[in-house]
Amino acid sequence: MGVAKWQARLEAVNEYEREPIPETRRRSWGSFLSMYAGEHTAGTEFVIGPLFVIRGASAGDLVLGLLLGNILAVLSWAFICAPIAVRERQTLYYMLERICGSRLTLIYNLVNALMFCFLAGAMIAVAATAVGIPFGLPAARLTDWLPSGWLWIALVAGVGMVTTVVAMLGYQLVERFAVIAAPWMILVFLAAAIAVLPNLGVTHWREFWPVAQDIIWTGTPAPGQDKFTFWHILFFAWFCNMAMHIGMADLSILRYARRWTAGFASAGGMFLGHYVAWLASGILYAVFLQQYGQQQVFAPGPVAYGAAGIAGALCVVVAGWTTANPTIYRAGLALQALMPLARTWKITLVVGSITTLAACFPALVMKLLDFVALYGLVLMPMGALLFTDYWLFPRMGLQSSIASARGLALNWPALITWGGSLAACAALSHFAGLEIFFLGLPGWFIAAFLYLLTSFIHQKNLTT
Amino acid sequence: MKLLLRFTEILGLCLTLLPSLAVFFGRLSLERNQDFMLAGSILWFVARGLRKT
């Protein structure tokens, strides 16, 4: 009886993968504020803040770079992604199918789902470091790539299974969970950071800045790590969610919004999660370094536990879940577009299993800054292409959504744009020495230009 | 009932954040602050969970 009820609930999950969101399912601005705050006050925040310390960011660069980078990210959501989301109310995957054709969308969806799996895997790994505290799980070294042992694998499997089951029940449940946890999480970050300040020698507010400069964000990277400058920080803050704003993945989320201004609600995530939480977790790591500095180890769970006790460890677990859940959900949607007849929950189960497997490798956490930049870069050209197709093509007399209009299985200009822009980014990196964090901006314009050019030639040939 | 739950939520958040200020000003130990944070977390999740269901 129980199993039948459970299955009926799973079968009833409808996420409108191939149809516009009806009016009754639209959500308020406040709902998006909570969702973004929850999603971006996440397990990765416990990693990214410390990685800035490890990469030798200076205090001044960090405060200013994060401020400007986060403002640019919010503007990208509000002016690039949200207007298309509320006009069309379709998932990114369905819109791409109409533009690129089913074959290219198939490849894109596979790459996208895989990237989302790795990202969600990092969150699960972060949560597992907290779950492992009672079991005496040793902290991983900064240079670790492979699983440390069976205990680590068992913990990751447990956390991954729970996360997958929650994601299987659909977006509403994920959102409810994020809404409940979001205000509490940010306060735990804040409280933990304030409480450990005396351990760093700060007993008055005016002592904070000198300590921030000399002890926390010293500007000197850990041995073997590349230095992060102001520009690294600005571009990282702007583009760490590149796939979601200028890459348009959040069309799938913002299509539930009543108005395009819901895009500004991303400020909740940027300024609480990607500002307060990054600074707070950097402070916590500076305290952790006082004890383990020579060992070159890092584990978000013990870092938070040392400062905030059980509540801190709990926060790491919850923070991991609130981001892993929507990320697994997004990956599920990506695969759903490949198999429209398959039930959403079955696809989410497959995605959750791949995610859990990826989470077993600590390299995903230790190289998170680089991975986040790569994942955004790989997916970004499709966002540029969609933007061009939606806004510029009608004004230039070109046919929008050409694959759907002409019944094409593969839109060659889209394939050339994706491959060509990534090749151009690789060339910029190799020949001009541009680091991966800076490739997103030129890459977006290259992709937009390439798609315009190739589509112009392609559509001219189609009509003659 | 709703009012009581809302009050409990706020109390939970206050217990999570405010004792850390006492630690900062040297009026409370870090360990005792951790107890307060845990109590605040439990209050928050129970009250918020009940109010949302």
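Is A:Gly224 buried or exposed? The numbered points below begin with this residue and then turn to the helices and the contact between the chains. The model under review is predicted.

1. A:Gly224 is exposed, because 9 other C-beta atoms lie within 10 Å, and a residue counts as exposed if that number is 12 or fewer. The residue is found in a loop of chain A, between helix H9 (208-216) and helix H10 (230-239). The C-alpha atom of A:Gly224 is separated by 40 Å from that of A:Ile347, and the two residues stand 123 residues apart along the chain.

2. Helix H12 of chain A, residues 266-292, bends by about 30° at A:Ala277. Of the 27 residues of H12(A), 22 are buried, so this helix is largely enclosed by the rest of the structure.

3. Helix H7 (residues 150-168) and helix H13 (residues 300-336) of chain A pack with their axes 9 Å apart, at an angle of about 60°. H7(A) is therefore oblique to H13(A). Their crossing is right-handed. H7(A) brings A:Thr163, A:Thr164, A:Val166 and A:Ala167 to the contact, while H13(A) brings A:Trp321, A:Ala324, A:Asn325, A:Ile328, A:Tyr329 and A:Gly332. Sorted by class, the residues of this contact are six nonpolar and four polar, with no charged residues.

4. In chain B, how are H1(B) and H2(B) arranged relative to each other? The two helices pack at an angle of about 160°, and their axes are 8 Å apart. An angle over 145 degrees counts as roughly antiparallel, and H1(B) and H2(B) are therefore roughly antiparallel to each other. Their crossing is left-handed. The contact of H1(B) with H2(B) includes charged residues: there are five, alongside 14 nonpolar and seven polar ones.

5. The last point concerns the contact between the chains. Here 18 residues of chain A are in contact with 19 residues of chain B. On the side of chain B that touches chain A, helix H1 (2-24) and helix H2 (30-52) each supply at least two residues. Which element gives the largest share of that side? H2(B) does, with eleven residues. By class, the side of chain B that touches chain A is made up of ten nonpolar, seven polar and two charged residues.

Key: Residues numbered from 1 in each chain as written. Chains lettered and ligands numbered in written order. Predicted model: local features only at pLDDT ≥ 70, side-chain atom pairs only at ≥ 80, totals over all residues. Contact = placed C-beta atoms within 7 Å. Helix = DSSP H or I, 4+ residues; strand = E, 2+ residues; numbered from the N terminus. Nonpolar A, V, L, I, M, F, W, Y, C, P; charged D, E, K, R; others polar. Axes fitted to C-alpha atoms, helices over the stretch in contact; angles between N-to-C directions. Parallel < 35°, antiparallel > 145°, perpendicular 65-115°, else oblique. Left-handed = near helix turned anticlockwise from the far one by under 90°. Bend = angle between axes of the 7 residues up to and from the residue. Buried ≥ 20, exposed ≤ 12 C-beta atoms within 10 Å, placed from the backbone.
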